[in-house]
Amino acid sequence: MAWLAFDVTLVLLISGSTRAASTNSAALRTVSAIAPEGVETACYDGLADLPAFDPDDDGTAHPSVVALREQLSRVAAVLFCTPEYAGTLPGSLKNLLDWTVGAGDLYGKPVAWITVAVPGRGDGATATLRTVLGYVGADIDSDACLRLPVLREDVGADGLVADAEFRSGAATVLRELVRHAERATP
């Protein structure tokens, strides 16, 4: 696999939100900011650019789908953070996941998620994410899936979450996911 040629582990961070002031995106930017030496992160920013999934279309004519697949092929693991809309995943994130089905882009890839919703919220999105990732054959690292609530007021002017408890939990998630990816490497 492509990441084996490097001395770093590359993790793709995918927010399920297209909102500019998203706490989910802020959480992932914070994960990126606190990544330890030897771990590189890339924030996926093409969610809103993906065309609607069409099972009769292999995606090769869409630069945004090609870019998504290229990013997924280069990373050791994927970390998601998504809001819940109408009791499930946002349509834009489900659309991204649908584009990965036929090509097997997530098959065997270590994945985890951070839920930033307060307890009692976000469970529908998490359940659906688990179901879809299981369906596409992703290697879900359940030990790295945590709820780390983030409120809008927790996000600073720099777009990062400053809360020490969140940062500690996020660092734990990232470390565990990277360990899982390293154990999964053939």
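In the predicted model, E1, H1 and E2 form a right-handed β-α-β unit (right-handed: with the strands pointing away from the viewer, the path from the first strand over the helix to the second runs clockwise). Strands E1 (residues 9-15) and E2 (residues 39-43) run parallel and are joined by 5 bridges (pairing requires at least two DSSP bridges). Leucine 12 lies opposite alanine 42 of E2.

Helix H1 (residues 23-33) packs against helix H5 (residues 164-184) at about 70 degrees, with the axes 10 Å apart; axes are lines fitted to C-alpha atoms, for helices over the stretch in contact, and angles between N-to-C directions run from 0 to 180 degrees. H1 is therefore roughly perpendicular to H5 (65 to 115 degrees). Ala27, Thr30 and Val31 of H1 meet Phe166, Arg167, Ala170 and Leu174 of H5 (heavy atoms within 4.5 Å). This contact comprises 5 nonpolar, 1 polar and 1 charged residues, with Ala, Val, Leu, Ile, Met, Phe, Trp, Tyr, Cys and Pro counted as nonpolar, Asp, Glu, Lys and Arg as charged, and the others, Gly among them, as polar.

The protein chain has 5 helices and 6 strands (DSSP runs of H or I with at least four residues, and of E with at least two, numbered from the N terminus).

Residues are numbered from 1 along each chain as its sequence is written. Local features need pLDDT of at least 70 and side-chain atom pairs pLDDT 80 or more, whereas totals for chains, interfaces and linings use all residues; side-chain values use heavy atoms, without hydrogens and water.

Definitions and conventions. Angles under 35 degrees count as roughly parallel, over 145 as roughly antiparallel, 65 to 115 as roughly perpendicular and the rest as oblique.
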